[in-house]
Structures are given as C-alpha cells and as structure tokens.
Amino acid sequence: MMRTQRPGRVELLTAIGLVLVPLILPYLGSAPNTVNRILVWGLFGIGFDILFGYTGLLSFGQSALYGTGGFVAAYLLTRAGFPYVWLALIIGMVAAAVVGYLVGLIALRRTGIYFAMITVAIAEVFYFVEFNPLSEWTGGENGLPGVPTPSLYLGFTTIHFTSGWSLYPFLAACYFIGIVVALRIVRSPVGAIFRAIRENPLRAAAVGHNIHAYKLAAFVIAAAYAGLAGGLLGVLQAFMPPEAFTFDTSGQLVIQTAIGGRGTLFGPLLGAAVWLFLQDFLQATLGLGAAWKLVLGLVFVLLVVFLRHGIIGGFVDLYRFVKRRKAPVEPREAAPSPGVADEQAAHAVAAKTAHAQPARTLHHAASDYTGPILQATGLTKHYGGVIANADIDFTVNAGELRGIIGPNGAGKSTFFKMLTCEVPPTSGKIVFEGRDITGMSVTDVCQLGLTKSYQVNQLFNRLTVRENVVIAALAELRGKFKLDMLGSVASIPGLDEQVSSTLALVNLTRRRDTPVSELAYGEKRRLEVGLALASSPALLLLDEPLAGMSPVERGETVKLLKSIAQGRTMIIIDHDMDALFELAERVTVLQEGRVLVEGTPDEIKRNAKVQEAYLGGVHGVIDVDEALA
Amino acid sequence: MISWSNFVSQLFNGLALGALLALISSGLTIIYGTLGVLNLAHGAMFMLGGYAGYVAYEASGSFIVAVIAGTLFLGIVGVLMERVVIRHFYSRPHEDQLLVTFGLAIVYVEGVRFIFSSLSKTVPPPPLFTGITSLGFMVYPTYRLAVVGIVAVALLALFLVLYRTRLGMIVRAGIEDSVMVDSLGINVDRVFMVVFGIGAMAAGFAGIVNAPVVSLTPDVGEAILVQTFVVVVIGGVGSFTGAVLGGLIAGEIISITSMFNPGYAYVMLFAAMTLVLLVRPQGLLGTRGRE
Amino acid sequence: MRDRNSNSNNSGRREFMRTGLAVAGGLALPAGFASRVLAADQPPIGTWPAGSQGDSVFIGIAVPRTGTYAVQGEDELKGYELAVEHINEGHPLIKAISPKTKKGVLGKTVKYGVADSAAKPNDAVQAQQRFITENKAILLTGSTSSAVAVALNKLAQREKVLYVAGISGSNDTTGKDCVRYGFRQNFYGETAANALGPVLLKAFGKNKKAAFMTPDYTYGHTVTKSMNDFLTKNGGWTMVTNQVSPLGAPDYSSYLTNIANSGAEFLINVNWGHDAVLSTQQAKQFGILPKMKLVIPYQIPFLAPEVGPDVTEGVYAATDFWWTLEDKYPLAKMFVEAFQKKYNYRPEWGAENAYMEFALWAEAVEHAGTFYPPDVIKSYESPRKLNSMVGEVEWRAADHQLIRPVIIVRGKKPGDMKNKEDFWEVTEIVPGAGVMQKPDAFGCNLGAYT
C-alpha cells in the first residue's frame with residue numbers, strides 16, 4: 001500500500017516513539033540491553049523487509065551480509081586499531097553492500113524457492129569461511145572481542161555512549177535514520193517498482209522495467225542495512241560473535257518479520273520485540289528452564305496460522321473492518337444487462353472516449369524511419385518436436401490496424417510472444433522500424449515502443465488501478481532503470497498527465513483508487529489494455545482483447561480500440577470475427593503455425609482455404625453474407 | 001593421502017550415506033512436487049521416526065517392531081499435520097508455508113527435548129547385522145552395509161507404489177498438474193493427504209533405520225534437512241528418480257571431498273547445489289518450469 | 001532465570017531506595033565510621049557498591065541447557081547450585097576451602113539466576129548483560145565452550161564485574177584472551193597435553209603413529225597442537241592424519257574411513273560433548289576401536305556412560321576430577337557425598353569445576369573483606385596456598401589461572417567396575433606447576449583494575 005497521505009507523519013511518530021521509550025519502558029521492567037537488541041534487529045529487518053516484504057524476494061541468507069558488515073567493522077576497531085567507531089560502521093556497511101552486490105549477481109539468477117535455497121547455501125558457505133579459512137581475521141569460533149563503543153565529540157564536551165541506556169540514543173538515532181531513508185525509498189518510483197515486481201514480475205518487465213537490475217538494487221539495500229546492523233551488534237555486545245553468520249540468525253530475522261508483518265518496515269521491529277520479550281519472559285518470569293523454546297515455537301506457529309499479515313496486519317485488518325462498518329459502500333459499476341438503456345450508455349461511453357486523445361508522443365525505435373513499422377521474416381519456433389510457428393513472413397505498415405485470426409493451435413499467441421521478444425525465435429528475424437530486434441529482451445523492446453496487452457490479465461493485483469498505470473508510466477518516463485530512490489513518485493514531471501490521460505482513454509478514471517481485486521472483469525480487461533497504452537507504444541499488440549466479454553462489453557471495447565488506434569499501429573488477435581472484421585483493415589490468417597492467407601476482411605471471408613481451415617472442408621465457395629443472412 | 005583402498009572405501013561410504021539421503025529426499029521431493037509445500041519440518045520428522053522407534057524398541061526389544069512403529073507413527077504425524085495445519089496453507093503464499101513448517105520443526109524438536117532430554121539415545125542394530133564385515137581391502141560396519149540394502153528395498157517399494165499403482169499414477173499426475181487432476185474429478189484433497197503421509201513415512205523410516213548408525217538426539221534432523229534440500233535441488237524437484245540420483249551424488253561428493261579435506265565436504269555440497277541451480281535449474285532429472 | 005527474589009521490578013526500586021538511604025546515612029557518619037564502601041578513593045565501579053548493598057548478592061549463571069553441550073551444562077549447573085547452598089548455610093566443605101566463611105559471603109546470602117546460553121557466545125553475553133543491569137550481578141559465570149568463556153571474559157572486563165569460567169579447555173582463556181576480571185580454575189589444553197604425554201609414552205613407548213580427530217574451532221586446534229607437539233618432540237610419535245570435523249557433525253564415516261586407512265595405531269579424539277560420543281561410537285562400529293587405542297586428551301563428562309565401558313576400557317584421559325579421588329582427598333569425599341545425596345549420582349568434573357569456582361571466589365572475597373572488585377582481584381592475586389578437592393592449589397597472579405594438578409585416568413574393564421559409575425581409575429595426579437606454560441608464553445596481557 002502506498003501511503004501518500006501527509007508526508008512526515010510516520011517519521012514524526014517514530015521519532016516521538018523512540019524518545020518516549022527510555023522514559024516509559026524501565027517502569028515496565030524492560031532491560032535496556034533487550035531494547036537495544038530489538039533496535040538492532042529492527043534495523044536489520046528494515047532492509048530485509050524492503051527485499052522481502054516490498055520486492056517479494058525471500059532470502060534466508062541475510063546473515064552472510066550481517067556478519068560481513070559486523071566483522072569488517074569489528075576487525076577495523078579491534079585488530080586493526082582503527083579509532084573511529086562511526087567510520088568503521090560505515091565502512092562495514094559499504095563492505096556488506098559490495099558483497100551483497102556480488103552475491104546478488106549469483107543468487108538473483110533464479111527466483112522463488114530456488115532463490116531461497118541459493119541464499120541458504122551462500123549463508124552456510126560464508127559461515128564456514130568465517131570459521132575456518134579466514135579465522136585469522138575473524139577469530140574463528142571466538143569471534144572478535146573488545147569492540148569499543150562510540151563517542152561523539154562536540155567541541156565543548158564528548159558524549160560517551162557506553163552500554164545500557166547510555167548506548168540507547170546512539171542506536172535509536174541509527175534506527176531513525178534507517179527508517180527515514182527506507183520510507184523515502186518505498187515512496188520513491190523505485191519503491192513502486194519493487195512492489196510491482198512482487199505482484200507480477202512478468203508484467204513489470206513487459207512494461208519496460210529492467211527488473212533484474214531493480215532486484216539487485218533491493219538486494220544491495222538489504223545488504224547495506226544488514227551490514228550496518230551487524231556492526232552495531234558488535235558495538236552493543238563489545239564482541240562480534242560468529243553466530244551472526246549462522247542460518248539461525250537468518251531464520252530468526254524471517255520469523256520476526258513474519259510475526260510483525262511484512263511490507264510494513266516496522267514489522268521486523270515489532271516482531272523482534274515480541275520474540276525477545278517472549279524469550280526473556282518465558283525463561284525468567286515463568287521459569288520454564290529448557291522448555292522455553294518449545295513454548296516459543298508453539299506461539300510462533302499459532303501466530304503464523306492466525307495472523308496472515310503479522311501483528312501489524314492484524315491491526316490494519318481490524319481498523320479496516322471497523323471503518324467499513326461505518327462508511328457507506330462504494331457504488332460499483334453496474335453489470336451490463338441487455339437493453340436499450342445500455343445501448344445509449346455504451347454510446348455515451350464511446351463519445352467520451354472518442355474525445356480523449358493520447359497526450360504524449362509515442363515511442364519509436366527510429367523516428368525518421370519511413371518503411372513498414374514491423375517486418376518479420378522466416379519466423380520459426382520449435383518446442384522440442386512441436387513446431388509452433390513455421391517460416392512466417394509478416395509485414396505491417398505504420399498506422400495500420402491488422403487483425404490475426406486462425407483456428408485453435410494455429411500458433412497465434414506464440415507468434416505474438418516472439419514479436420514482443422518474450423520468447424526467442426528458433427530462427428528468423430524481426431525488424432521494428434528498421435531496427436533488428438531479434439533476440440532482445442521484452443523490456444528493451446517495450447522501451448523501443450512495441451508492447452502487448454495479454455490474453456489472460458497480467459495486472460498488479462494488490463495495487464489500485466491508478467498505481468497499476470503509474471508502474472507502466474514510470475517505465476515510459478524514466479527508462480528501463482533509474483535509481484532515483486530518494487525522489488518521490490509525485491515529483492516525476494509528466495506522470496500525472498500521462499496517468500490521467502491513460503485512465504481516461506480506458507474509462508477507468510472513476511475507479512482510480514480501487515484495488516484491482518475489486519474490479520469487475522470488464523474493468524480489468526480495460527486496465528489490461530491501459531497498462532499497455534501507458535507505455536505510449538508506437539506498435540500495440542492486443543492478444544484476444546475481447547475474450548470472455550458479453551456482447552455489450554464487446555461493443556464498448558471495439559469502440560475503445562477504434563479510439564486508441566488513432567495515431568498508432570495495432571495488431572489484434574481475436575476469435576470474434578465480426579468485431580475483428582469491423583476493426584481491421586487487413587487480416588492475416590494463421591493455420592498450424594503458418595500464414596495461410598492475408599487480405600482485406602472481405603477477401604478473407606470469401607477465401608476457400610480459410611473456410612476449409614475453419615470448417616474442415618467445403619464444396620465450392622460459400623457466399624458468407626448469404627449464409628449469414 | 002590418497003590410496004586406492006581409501007578411495008574405494010570412501011566411494012562405499014558415499015553409497016551408504018547417499019542411500020539414506022535418497023530415501024529422505026524422495027519423501028521431501030514428492031511432497032514439494034505434489035503439494036508445492038517445502039516441508040521445513042522434514043528433518044524433524046526424520047528425528048521423530050528415530051525416537052518413535054526408540055520407544056518401541058525399549059518396549060519390545062525388537063528392531064523390526066521399532067522400524068514398523070517409527071514408520072507408522074510418522075504416517076500418523078504426517079496425515080495429522082496435513083489435515084490440521086498444512087491444508088489451510090495451500091492458498092497462502094509460499095513464504096507462509098515455509099514459516100509454518102519451520103515453526104512446526106521447532107515444536108517437534110523442542111517437544112522431544114522436553115520429553116527425552118538432550119542425552120543421546122542409542123538403538124542397537126539388530127543382532128543379525130552387528131559387528132564388522134571384512135571386504136578384503138577394508139572392514140566396514142555390517143549394519144551400514146545392511147542399511148544400503150534396507151534402503152534399496154524401501155526405495156523399490158516406493159517406486160512400485162508410485163509407478164505401478166493407480167494411486168501412484170494419480171500422485172505423479174498431481175506433481176505435474178494438480179489443478180488438472182482436480183478438474184478430472186479426483187479427490188485432490190485426499191491425494192494430498194496421502195502424499196504427505198507417504199513423504200512423512202519415508203522420513204520416519206529413514207530416521208529409525210539410521211538410528212543405530214548415529215545416536216539419537218533432538219538436533220539430529222537439522223543437518224539432515226539442509227542436505228536434503230541440496231539433494232532435491234540437484235536431483236530435480238518432484239522427481240523421485242532425481243532424489244535417488246541426487247542422494248547418491250550428494251553422498252559421493254561428501255565422501256570424496258572428505259578424502260582430501262574433510263572440512264570442505266559440506267561446502268562442496270553447497271557449491272554443487274549452487275552450480276546446478278545456475279546451470280540447470282530444474283535439476284538433473286526435473287522438468288523445466290517447476291520453479 | 002530463577003530469581004529467588006520476588007519481582008525484579010520491586011528489587012530494582014528497593015535497591016534504589018536502599019542505595020539512597022545508604023548514601024544519606026553514610027554521609028551523615030563521621031569519616032572514621034564510614035564503611036570502606038564510601039571511601040573517597042573508591043568510586044562506584046561495575047555493579048559495586050549497588051550489588052552488595054543489601055542482604056544478598058546476585059550471581060549470573062549462563063549454561064547451555066539446549067544444544068550440543070546441554071548434558072554437560074545441566075551437570076555444571078548442579079555443581080553451582082550445590083555450592084550456593086553450601087555457602088549460604090556455611091557447610092563444612094566450604095569452610096574447609098574458605099575458612100573465613102560463616103554463613104553466606106561476608107554475611108550476605110547468595111542468590112543467582114540461570115539463563116540458557118545454548119553454548120553460543122551471543123546468547124550468553126545477552127543473558128549476562130541482563131543480569132548485570134537488572135539484578136546488579138556481582139559475579140558472572142558459566143561456559144562449556146571456550147568461545148563463551150572468551151566472550152564473557154571481555155564482557156566482564158568491560159562491565160567491571162568479576163567472571164569465573166565454567167568448563168573451558170582452550171589455552172586462550174588465560175592466554176591471549178585473558179583479562180584482569182576473569183579467572184579460571186580448571187585444566188586446559190596445554191596442561192592436559194603435558195600431563196598426559198609422559199603417561200602415554202611410558203605406557204606405550206616411542207615412535208608410534210597417531211590419528212587425530214579435531215573439532216574445527218580454536219579449542220580443538222589448540223589441544224591437538226599441544227598434544228601433538230609434546231608427543232612428537234618427546235617421543236618421536238607421528239601424526240599420520242588429522243581429521244578436522246565441524247561442530248555437531250552428524251556422521252563421522254568419511255573421517256573414520258580416512259583414519260582406518262591411515263595406518264595409525266592410536267586414535268586421539270579431541271572432539272567434545274556429543275561429538276565425542278558419536279565419533280567414538282562410530283569408530284567402534286568401523287572396527288577402528290579397539291584395533292587402535294583411544295586417547296582422550298580432554299575428558300568429557302558422561303562420555304563413559306554414553307559410549308559404554310567396553311569402549312572406554314583401557315582408554316587414557318586427562319581430566320579435572322574423578323569421584324574416586326574421594327579415597328585420597330577428604331574434601332573430595334565430602335563433595336561426592338553431598339552431591340550424591342542431593343542428586344542421586346556421583347558428580348562429573350563439570351560439577352566439581354563449578355563448585356570449586358564458587359568456593360574459591362567465596363574465599364577470595366572473604367580474604368579481601370570487601371566486594372570491591374579491584375580488592376577482590378588483588379585477593380585472588382595475593383600468593384597463598386588454598387585447599388581444594390585435589391589437594392593444595394594456588395592462583396597464578398600473572399594470568400589468573402589456578403595452579404592445580406591434572407588427573408590422569410584410565411578406563412576400567414567392565415568386569416572390574418564395582419558400581420555402575422565406576423568407569424575410570426585414577427592412575428596419576430600430575431602437579432600443575434610442572435605442566436603449565438610460562439605466564440607470558442601465550443600472550444596474556446591482563447588489563448586494568450578499573
């Protein structure tokens with residue numbers, strides 16, 4: 001959820017909270033060292049939450065970076081005799097970020113469970129290396145003892161942060177800075193893209209974002225936070241333990257984030273507080289002895305089962321539940337039913353969309369090119385022994401509205417996937433505006449001005465309609481990768497305009513703040529098209545845009561498609577031939593992976609080969625108009 | 001020191017180790033392949049099988065009773081776990097599944113520690129297999145040789161169930177596409193329950209069979225779990241034969257590396273896993289697209 | 001944390017009030033009557049004077065209650081608990097070691113809290129920090145892993161609270177990682193090697209081949225090195241292989257196969273805790289034992305009952321204490337009897353070590369007459385003979401290591417065991433002074449007093 005309300009409110013509340021803690025908690029019996037530890041875990045967790053909660057990458061290997069940052073800082077301060085604690089911590093953080101970058105290059109080549117497993121393996125390797133080959137530097141099993149605490153030289157006096165409550169202000173300040181930076185990151189365009197990657201990485205790439213680079217950025221951010229937290233652990237304990245590198249540490253981080261609530265930035269802090277508090281409480285107050293871990297395990301399982309989004313999520317759900325009971329229900333767009341009234345409504349809609357013009361100039365691969373906008377030659381795709389497309393030659397001129405039809409299994413979707421470079425062709429060449437795009441990535445091709453709307457909706461489900469379009473627009477305005485982590489989404493020039501005009505084009509302005517999960521099917525299809533439009537493509541492919549629609553919805557969509565065709569080239573696949581013949585100037589027919597015939601809609605209707613392909617054999621030419629009359 | 005007899009001995013060691021890993025991993029892989037749940041409690045279930053067998057052994061004095069008890073107990077645990085907890089997590093994101101099985105693993109381990117304390121328990125091998133066998137160039141504990149045989153039989157049984165029975169066919173279909181199986185009118189719910197039970201039993205059986213080899217402590221499952229992951233990744237998720245192959249390969253990697261520098265054995269295993277993940281992510285015998 | 005006191009909140013506030021009243025009261029008294037606690041040259045340090053103002057003092061204990069060393073940790077804990085009980089009631093055994101003790105320490109009751117360290121330095125440090133800030137602990141203890149001992153050494157020095165080690169076998173604890181505020185009474189790698197070495201040479205002769213099994217951390221490496229150095233220099237033994245295994249390895253078959261093929265005659269197993277149990281059991285399964293002779297340079301409590309006396313038969317080990325010493329030392333007899341009465345089994349050396357650490361601490365404090373840490377430290381460091389369960393001992397001021405004998409034991413034949421705990425026979429009691437390294441040999445640099 002993007003919180004675009006009063007900026008600074010969260011930061012202010014955090015600051016107040018941090019200041020109040022040492023005034024209130026001692027009376028509740030909290031040990032200062034426990035509070036300090038919670039802060040360190042919380043800081044460690046901020047970075048992890050950005051990686052996991054916001055970008056959706058579950059890593060069990062953060063301990064490797066925590067340990068790296070911690071040991072680099074501790075080594076500088078102990079064995080190397082470096083005098084400045086602050087500087088050592090920063091160096092540790094940078095070292096962890098660099099290592100994180102290298103680790104990310106390997107780990108991020110895979111996704112999901114495999115990614116998680118690689119991170120486990122890397123964590124174990126780091127632990128081993130710390131223990132054994134590098135034990136000269138890391139102290140091996142013993143760790144590095146004797147880490148000093150920081151001091152702040154203020155000219156007229158020096159403040160020594162030692163331990164307990166004395167160290168608290170230093171840690172609280174670090175945490176506060178960490179939160180402020182993290183809040184900026186998640187509110188920035190980069191943060192929005194992180195969320196998009198979590199929701200639908202396929203689409204995020206297809207709308208023009210270099211998701212691999214963004215994932216790597218998230219990984220490095222998490223590594224930096226981990227490294228700083230590791231250094232602070234050493235300071236807190238006056239000792240840098242090898243346990244920092246264990247799988248247990250990574251596991252505890254994941255557990256705490258899950259308990260507190262992922263995707264909230266504060267979840268890890270809350271989770272750490274619950275976990276550490278319970279640990280102390282169960283051992284100390286209840287005197288459970290060795291059984292404390294059993295109880296803790298049970299509590300954890302119960303929390304995971306019943307609180308899906310962690311404790312913070314539980315509160316948010318409660319709040320929403322209470323709010324919803326008070327507020328009136330938002331009117332939904334009425335489901336279309338047959339009747340004259342709807343005809344008139346559809347006309348009204350069409351009239352509105354006809355006036356909305358694309359506000360921005362379209363993207364072109366080469367703006368001064370005059371030949372056909374797209375030229376595919378000899379395009380072939382084999383999947384093992386199956387030939388999906390064979391030797392297709394296909395040319396479209398600029399400004400054309402081309403239709404593609406064919407019986408099932410003709411290879412239409414595969415053909416589209418090759419055009420957008422989602423799958424590489426087995427052989428053949430694709431030239432877009434005079435530029436050979438064969439073998440490029442779907443992201444680059446989108447940036448050049450060629451994009452597609454999907455047959456099965458590929459939306460960012462937990463985001464609102466507006467946020468969905470923003471993601472696409474961000475790629476269009478910022479290019480495929482830009483690390484403006486500290487900027488804000490609102491300040492991107494032209495973004496609002498682009499988003500508003502796109503929403504108007506697909507008639508979703510009224511629903512801009514509705515989450516996708518609450519939209520009707522027709523609205524989702526319109527958003528699907530909207531996402532593709534937001535990239536301002538010069539060539540727009542539409543894969544079965546009318547699939548699953550009622551007759552009225554179809555009529556609306558056809559009018560929509562006509563309106564957006566102005567000034568751009570479109571290729572549409574569909575099975576609804578009435579609609580397609582109405583829209584398209586030329587139609588290509590595919591059958592069994594090859595081009596069967598190409599021509600105007602009329603020519604196609606009368607073509608014997610096409611009739612045979614669909615009907616499986618005819619005697620003589622059927623007069624279609626006569627047949628349908 | 002690399003002598004010929006050392007090399008062969010280690011190859012053999014790897015076989016024994018690998019056989020065990022193969023059995024445990026096959027349980028994990030069919031659970032993950034069918035249900036899509038990566039059961040982080042699998043190592044703990046291995047440990048539970050050992051303890052259940054121990055209790056049965058103390059009560060009956062018979063190793064066979066112990067093995068049966070250990071396996072059946074885990075069958076029950078597996079089914080209960082699936083019915084009571086896991087079932088509610090199929091529609092939840094992957095991470096939640098990992099978390100809940102992780103939590104259950106802690107509960108099992110600590111529960112056992114609470115009941116049995118941390119002092120290690122031993123289950124002696126059956127009288128038929130005690131002592132050492134001379135293989136000419138080396139001596140080898142008889143029971144470990146027997147383990148290879150026992151595990152081979154168990155794997156064969158599992159293979160027969162999966163590839164020669166109707167249930168097994170459904171399970172394999174479910175691994176390919178559980179949605180499709182559901183649409184075909186087969187009660188996928190029950191299939192899932194059975195699969196979890198079978199996977200759990202494989203782990204439990206391995207646990208009690210392994211008990212005479214390593215002594216039982218509550219923590220014995222932890223290291224096994226990580227090695228099992230590696231095997232599943234190398235062999236290919238959802239592939240039974242992959243788990244067997246992966247297990248043998250993993251066992252050999254550990255043993256052969258130990259010949260040169262034992263300290264690096266587990267690191268080599270992880271390096272191998274990372275290599276497989278980068279070069280052939282579906283594993284040696286897995287199918288692409290199961291990521 | 002079993003706090004015998006009531007809620008820690010109340011104790012905190014009560015402490016505060018007491019301190020306040022004490023300060024007010026003290027200021028009102030003329031200088032001559034003011035207790036040493038408030039002398040101008042003794043500003044507050046660590047948890048002094050706050051921790052000893054009341055009628056009780058607090059000790060923080062961190063032992064592993066879960067994890068690889070849990071069994072040894074529980075045993076240690078029993079030793080601590082027995083010691084506290086005896087100190088509080090003024091038991092004759094304590095009085096024999098600490099003659100000035102009447103009841104408690106300087107008249108104050110000893111209370112304590114226990115936390116689970118799981119043999120992890122991190123957890124131990126965390127728990128002890130809590131004990132210091134919450135309970136004003138004036139003494140810290142507990143370790144089974146030398147990593148914990150070293151970490152707590154450093155914590156003690158930083159916080160200016162005394163620390164007495166639990167089980168710690170690494171040379172580093174009173175070597176390169178020694179601190180002014182830390183003390184260790186038990187034997188360690190160097191003394192074990194130097195005491196056991198001659199025994200092995202005498203029993204088995206020279207020029208033998210030995211295979212070592214070493215756990216992969218500094219304890220393992222230092223003990224292996226000490227043993228190997230002694231045997232090679234003095235007896236021409238050869239280390240034919242050194243199998244280094246990670247802590248908690250589940251299976252030793254790879255290592256044991258290497259050893260089986262190495263041509264060794266002796267298996268010197270430096271593994272500890274459960275690792276020792278498992279590696280030894282598997283060595284037997286592989287036929288390596290009893291073909292090779294097993295040697296245990298640093299004995300593990302409960303090893304014998306876990307692997308069985310048929311395995312430990314004839315095995316030489318170096319240890320801190322074995323209960324049959326009761327026949328030789330009256331204090332040992334008192335200890336074993338008291339322990340057995342309370343816990344129904346005879347103590348292992350972890351319990352003995354724990355008891356001795358507390359008893360010696362009580363003695364040092366009584367001797368100093370104050371809880372003021374620098375004075376207590378100086379009391380430890382002042383040369384004098386002390387009583388112990390293994391005869392006369394003495395602290396070495398230069399590195400805070402107790403000069404005490406190393407006990408060499410040999411495993412008994414199962415048939416010779418007179419009761420179910422009669423696993424070992426004490427063959428030699430090697431005086432400490434002769435087997436210790438020079439004080440500065442391992443780079444010990446005690447820190448400041450304040």
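Predicted model: local features only at pLDDT ≥ 70, side-chain atom pairs only at ≥ 80, totals over all residues.

Modeller: Two residues are said to be in contact when their C-beta atoms, placed from the backbone, lie within 7 Å. Of the contacts in chain B with a separation of 6 or more, 76% are between residues 24 or more positions apart.

Chain B has 10 helices and 2 strands. In sequence order the pattern is α-α-α-α-β-β-α-α-α-α-α-α. The radius of gyration of chain B is 19 Å, close to the 19 Å that the globule rule gives for 291 residues, so chain B is as compact as a globular protein of that length. Its C-alpha trace spans about 60 × 50 × 35 Å along the principal axes. A residue is counted as buried when 20 or more other C-beta atoms lie within 10 Å of its own. By that count, 60% of the 291 residues of chain B are buried.

How far does H6(B), residues 166-183, span between its end C-alpha atoms? The span is only 17 Å, whereas a straight helix of 18 residues would reach 26 Å at 1.5 Å a residue. The buried residues of H6(B) are Ile170(B), Val171(B), Gly174(B), Ile175(B), Ser178(B) and Val181(B). As background, an α-helix has 3.6 residues a turn, so residues three or four places apart point the same way. The cover over the buried residues of H6(B) includes helix H1 (4-35), helix H5 (142-164) and helix H7 (188-210) of chain B. Just after H6(B) comes Gly185(B), which has a positive phi of about 90°.

Next, the contact with chain A. Here 30 residues of chain B meet 30 residues of chain A. On the chain B side, helix H4 (94-116), helix H8 (220-235) and helix H10 (265-279) each give two or more residues. H4(B) gives the most, 14 residues. Sorted by class, this side of chain B holds 18 nonpolar, 6 polar and 6 charged residues.

Chain A also touches chain C: 26 residues of chain A are in contact with 29 residues of chain C. Helix H2 (32-54) and helix H12 (267-285) of chain A each supply at least two residues of the chain A side, and the largest share, 4 residues, comes from H2(A). That side of chain A divides into 9 nonpolar, 13 polar and 4 charged residues.

Strand S13 (residues 586-591) and strand S14 (residues 594-599) of chain A run antiparallel and are joined by 5 bridges. Gln591(A) faces Arg594(A) of S14(A) across the pair. The hairpin formed by S13(A) and S14(A) has 2 residues between the strands, and Glu592(A) in the turn has a positive phi of about 50°.

That leaves some backbone details of chain C. A cis peptide bond, with omega about 5°, joins Trp48(C) to Pro49(C). Pro49(C) is in the loop between helix H1 (8-28) and strand S1 (56-63) of chain C. Another cis peptide bond runs from Leu289(C) to Pro290(C), with omega near 5°, and Pro290(C) belongs to helix H10 (residues 288-291) of chain C.

Lys160(C) sits in the loop between helix H5 (146-159) and strand S4 (162-164) of chain C. Phe302(C) sits in the loop between strand S9 (293-296) and helix H11 (303-307) of chain C. Are these residues buried or partly exposed? Lys160(C) is partly exposed, because it has 19 other C-beta atoms within 10 Å and a buried residue needs 20 or more. Phe302(C) counts as buried because it has 20 C-beta neighbours inside 10 Å.

Key: Residues numbered from 1 in each chain as written. Chains lettered and ligands numbered in written order. Nonpolar A, V, L, I, M, F, W, Y, C, P; charged D, E, K, R; others polar. Pairing = 2+ DSSP bridges. Buried ≥ 20, exposed ≤ 12 C-beta atoms within 10 Å, placed from the backbone. Expected span 1.5 Å × (residues − 1). Rg over C-alpha atoms; globule rule 2.2 N^0.38 Å.
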